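Subject: A structure for you to look at

Hi there,

Here is the structure I promised you. Please open it beside this email and follow along as you read.

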Amino acid sequence: MTEIVLGNEALKLTLGVADDGGVGLTGLVATRADGTWAVDESVIWLCRPYPEYAAPLVEVQLSGDDTPLRHDNCHGGTQAGRELRYVSHTLEEVSGARCLVVVLASARLEVKYHLTLKSCGVIESWCEVTNISTEAQTLEYVSSLALPHIDACSFAPWESYLYLNVPHNSWCAEAQWQRFTLPQAGLHRCYEQPLKYSAALTDPKFLKQSYKPVTSARVNVTSTSGQSSGHTAPVALIEDTINQLCLFFQINHNGSWQYELNDLKGHLNLLVSGPTELENQWFKTLLPGDSFTSVPVAFGLCAGDKYQALQVLTSYRRTLLRPCRDSRELPIIFNDYMNCLMGDPHEDVLVALIDRAHALGAEYFCIDCGWYADGYWWDSVGQWQPVASRFPHGIEHTLAYIRSLGMIAGLWLEIEAMGVNCPLAAQWPDECFLVRHGKRVVSEQRYHLDFRHELVRAHATEVVRRLVEDYGVGYIKMDYNICSGAGTEIDADSWGDGLLEQQRAYLAWLDSIFARYPDLVIENCGSGGMRMDYAMLSRHSIQSVTDQTDYRLMSAIACNAASLVTPEQAAIWSYPLKSAPREEVVTNMVNALLLRVHQSGAIAELDAERLGLVREALQCYRTLRAEITSALPFWPLGLATMGDAFMSFGLATDTKLYLALWRGEADHDVVSLPLPRAVKAARILYPSYAKEQFSLSASGTQLTVSLPHNFRARLFVLE
């Protein structure tokens, strides 16, 4: 067997090429903090002398193929995948990353499998599949990542030590993680003893007679629609509690995706992909010479727990960010929507908010939805023209006033939606919209535009041009309140094929806008966090995490936000009400201070004391925000769940720990917070009036705080 090694100081991946040309993953190992390898032997074992039992490097299901190793709906053991044989490989360094391309081929397909290892110890993988036969071939499934035998580093039963961590999302309850054993997730071991590596595994008689059957169950997690994180974010963590390892992956795609854990021939296998026929109504027919590129997936192995894995993911996500001023400087945003104007802006009302936001130090002022229509506007959007009834002097006048105070002016858009009563909807052909069964897809009285069509792209580009060049807008809040469903049948082999190409076309359009206006800031919003993925966030510098309107529930979302996006991209609303007690104002501000401040609320009506607390918090933010862009997140009490008695989230820099602490509804006052490293001093950074008692342990690795009364928060700095 010949080995191909892709590695750096953080991670090493090994592929084995068998004598018959079969290729498989034979090792994936990570380094500990001291630089030693976490596991002496291969963590993941594959390449066997008998190809019929080997897991392919790339799984490909073609229409008409048998599924001899696939029971029920599992995607593993594909015939086309097992036919692939090694042709060649290249390994080179590009911009500090190590790029491996393995070329595989069969009589029907050529596959170029790409693996790019970043310096942070994360590998990006995807593949290009080309039909090299003389007949059409229809793809029903293509893996972007296939990791076989992820239980291979222990002889213990996998149900006793492997845990799957899944971040659930719902509108106003984003980033709520759940930890499952695999039986809790629905996958039970159906054989008497775990199979061990031994000489017996090289015995064909043993393989054919003694191998236990596959189970019909699997852990299947999927998302179907353009809301890529509408139910579950496209990321997961698999903990190995025996070896203290954490396998993690993230799907960098803004549409449908799927991953599964299956039990194939006695071992656990992880498969990750974009859309599939079975789950997402996707298939793609390749004529001779045609190619298909799968969606990119990032993965890695961390020698530590899931929180250390989330730090590695944070470092990786930062490598994806489009360089821009917003990502470096983290300007303070004021948006007039949340618990403020709520979609009903008027020129005269806005003036007071603009003046107050400027006095507080806001650097962006964004006019949210409603600026383009009288009264009820939901089903008529699409032309994005301001109305005189809201702006008697023209919206340009109000936007110019924002700029005159030194702030960047912003407007809300939902460019992918067009209301059913928009005049353009009657003028444009069906090809401009998503269509299924011959009918336009309608989502909450809106049509979903298809950015593959030139008319749609030209219209969207002109809208942005008008806002930027005619109105002087430098900030756009781009929302997405519609659901595409499975996709469209227009110019597509399948609904899922149409959606995949539309989502890629939208990304290409975004790229063209940023190329034309590199300083334009476009916030990524999807009813809050319903499209929180790194296809989008590699372009957008800021993510609206949630539309939660209750500051008490917001705390649990804010605590976890940095588990899904970088802290510098995670915009959290702070929206004190005019009658708010001062502790409510403080909690609102603490919610946002270690992330991106998305200020709103009744700031024009706050009394002097409450206004002073907002001003103090924003001044505090200005002193620490430069450190957010390189700090790593930590969670002393673990990831939060709504209803927790206490919650805590921190950022670690080279010299400091910033730590937010929230008390929910608790029956005790004192909480102890383990710290990621020893510190010598601690103080409450915000609010300045705080008198709570706290102490550091003798070792400096634990902070104990007494926080009387429910629903309050404090921000600490430890040095």
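Below is what was found in it, part by part.

A word on the source: this is a predicted model, in which local features need pLDDT of at least 70 and side-chain atom pairs count only at pLDDT 80 or more, while totals for chains, interfaces and linings use all residues. Residues are numbered from 1 along each chain as its sequence is written, and side-chain values use heavy atoms, with hydrogens and water left out.

Let's begin with the barrel. Eight strands close into a barrel in the order S20-S21-S22-S28-S29-S30-S31-S32, with parallel pairing. Strands here are DSSP runs (E, at least two residues), as are helices (H or I, at least four), and both are numbered from the N terminus; two strands pair if DSSP finds at least two bridges between them. From one strand to the next, the twist averages 30°, the angle being taken between N-to-C directions of lines fitted to C-alpha atoms, on a scale from 0 to 180 degrees. As an example, S28 (residues 475–478) and S29 (residues 521–524) run parallel and are joined by 4 bridges, and Tyr475 stands opposite Val521 in S29.

Next, find Glu414, in the loop between strand S22 (408–413) and strand S23 (417–419). Is Glu414 buried or exposed? Its relative accessibility is 0%, so Glu414 counts as buried (buried is under 20% relative accessible area, exposed over 50%, partly exposed in between, with a 1.4 Å probe and protein chains only). The side chains of Glu414 and Arg446 form a polar contact of 2.7 Å (a pair of N or O atoms within 3.5 Å; within protein, one must be able to donate a hydrogen and the other to accept it, and residues adjacent in sequence count only if both atoms are side-chain atoms).

Now the cores. The largest nonpolar core has 134 residues, and Phe365, Trp371, Ile415 and Trp509 have the most contacts inside it. Such a core is a set of buried Ala, Val, Leu, Ile, Met, Phe, Trp, Tyr and Cys residues joined through side-chain atoms within 4.5 Å. Helix H14 (residues 608–628) gives the largest share of this core, 9 residues. Another core lies apart from it, with 61 residues, including Leu28 and Phe292.

Finally, look at helix H12 (residues 551–560), where 8 of the 10 residues are buried; among them are Met554 and Ile557. At its N-terminal end, Asp550 caps H12, with a side-chain oxygen 2.8 Å from the backbone nitrogen of Arg552.

Enjoy exploring!
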